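Reader: Could you walk me through this one? I would like to start with the ligand and then move on to the overall layout.

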Amino acid sequence: MSEGTGLMIQADRLWNDLMTLGKIGKGKDGGVTRTSFDSEDIKARKFLLQLLKDADLDPYMDEAGNIFGQIHGKNPNLPAILIGSHIDTVHSGGRFDGAMGVLMGVEVLRSIKEKGIQPERTVKVVSFTDEEGARFDYAFVGSTALSGAISSDQLQKDLATALDQEGFSYLEAMKRASMEGGYFSRINPEELGKACVRKAEIKAYIEVHIEQGKVLESRDLAVGVVSGISGGHWAEVTITGEAGHAGTIGMLERKDALTAVGECLLAIEKIARDSGGSVATVGKVAVKPGSGNVIPGRVDFTLDVRDISDERRELTVKKINEALREISADRGVDCEIRPFQFIASVMSSPLVVEAIKEAFIELDYPICELPSGAAHDAMVMGGITEIGMIFVRSRGGISHHPDEWSSFEDVALGCEVLYHTTMKLL
Ligand code: GLV
Ligand code: MN
Ligand code: MN
């Protein structure tokens, strides 16, 4: 036990790491921006690698840029326990989303090592490349590569066509990052197949994350166990009308792409509201040519649809697609819908859920089971292994925002639950 705290982990050390990492990419509004392979993400990766090195956790990076630390088990042939999350963020996000889960993994491994425990099986912490998809609108790159959720050829193709605002491709960004040398040299978007692990290599994947909702807060609880994660369907939509002079073209002669999109947005909202469980979001809209005195000729927007029921989500997507086509036809504009990512909902595995529940019992803390509306690397990992998640209370349910916050005490308890869960699965 850590002196004076009664905990198996060292909460001060964990908190200090979390606050230090939270300064990397911090902007004037207090929000953190570390999008995949940008300069701040690279700095954060170096910080994490140093932390792992200092703790003697034998770090390495794989071809997809996933960062690992590890304690080798007595029997290396046994499937390993993997603890993880991500350190990339949305634009102007918080300090906890992803980072907390990775640093808790580091803290648990550090604590195991310091106690002189050599587990039977290997235990690893992983920081997955790009969970958020904030720079290239393409998410879960690291966990997709590791789990082989789609073929490495397809992933490579997707990364070649995923572009950032500057027109720089994902593939180029990865190649550039590999030139950092050292651990980074192994990054290779042309060899993503090598990052893929076999099912038999992993016993279970555990992820701790801030809840990003208000369930735990409303029940006055610091931590909870996740029952399942809502799947998602992501698409890009292009509405093409006719650009023209804002002063000379009459209102009845126009094919304004943006007013068509206005009607589409309201239809999307209504369909999701009436669905009985789906949520749909348009978070990014680009208007072209984007001039105050020109009728918008083209609008590109993103569509994000989530639901814990795969069937209901696909029905919602179908209704949305039909509505977009109908509105476009009525207004004489073209509509192109390009789905680019789909991840099915995942229920947590009884094996991991039971271990988490036993940890709660050991710590004499009430068990609260809750679903996750947000997506996580755990759902991708669900394709190859047993998964489970622990949620830590978020103040006000605020997330993807500079004000995102979990208290020191809640973070400490979350990590302690992770320690006990890990020991049970080892
Ligand atoms: C990740 O944060 C997501 O739910 O999109
Ligand atoms: Mn997030
Ligand atoms: Mn996250």
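Reader: By class, what residues does the shell around ligand 1 have?
Author: Bearing in mind that this is a predicted model, the shell around ligand 1 has three charged residues, two nonpolar ones and one polar one.

Reader: And which residues are those around ligand 1?
Author: Around ligand 1 are Glu131 and Glu132, together with Arg306, Ala374, Ala375 and His400.

Reader: How far is an oxygen atom of ligand 1 from the N or O atom in the side chain of Glu132?
Author: That distance is 3.0 Å, and for an N or O atom in the side chain of His400 an oxygen atom of ligand 1 is 3.1 Å away.

Reader: Where does ligand 1 sit?
Author: Ligand 1 sits in the largest pocket.

Reader: Changing topic, what does the domain assignment of the chain give?
Author: The assignment gives domain 1, written in two segments as 11-230 + 345-425, and domain 2, which covers 231-343. Taken over C-alpha atoms, the centres of domain 1 and domain 2 are separated by 33 Å.

Reader: How many residues does the contact take from each domain?
Author: The contact takes 14 residues from domain 1 and 14 residues from domain 2.

How values were computed:
Residues are numbered from 1 along each chain as its sequence is written. Chains are lettered from A and ligands numbered from 1 in the order in which they are written. This is a predicted model: local features need pLDDT of at least 70, side-chain atom pairs count only at pLDDT 80 or more; totals for chains, interfaces and linings use all residues. Side-chain values use heavy atoms; hydrogens and water are left out. A residue is near a molecule or strand if one of its heavy atoms lies within 4 Å of it. A polar contact is a pair of N or O atoms within 3.5 Å; within protein, one must be able to donate a hydrogen and the other to accept it, and residues adjacent in sequence count only if both atoms are side-chain atoms. On a 1 Å grid over the protein atoms alone, a cavity is a set of points where a 1.4 Å probe fits but cannot get out, and a pocket is an open set with protein on both sides within 12 Å along at least five of seven lines; lining residues have an atom within 4 Å of a point. A molecule sits in a cavity or pocket if more than half of its atoms lie within 2 Å of its grid points. Ala, Val, Leu, Ile, Met, Phe, Trp, Tyr, Cys and Pro count as nonpolar, Asp, Glu, Lys and Arg as charged, and the others, Gly among them, as polar. Domain bounds come from an automatic or database domain assignment. Contact means heavy atoms within 4.5 Å.
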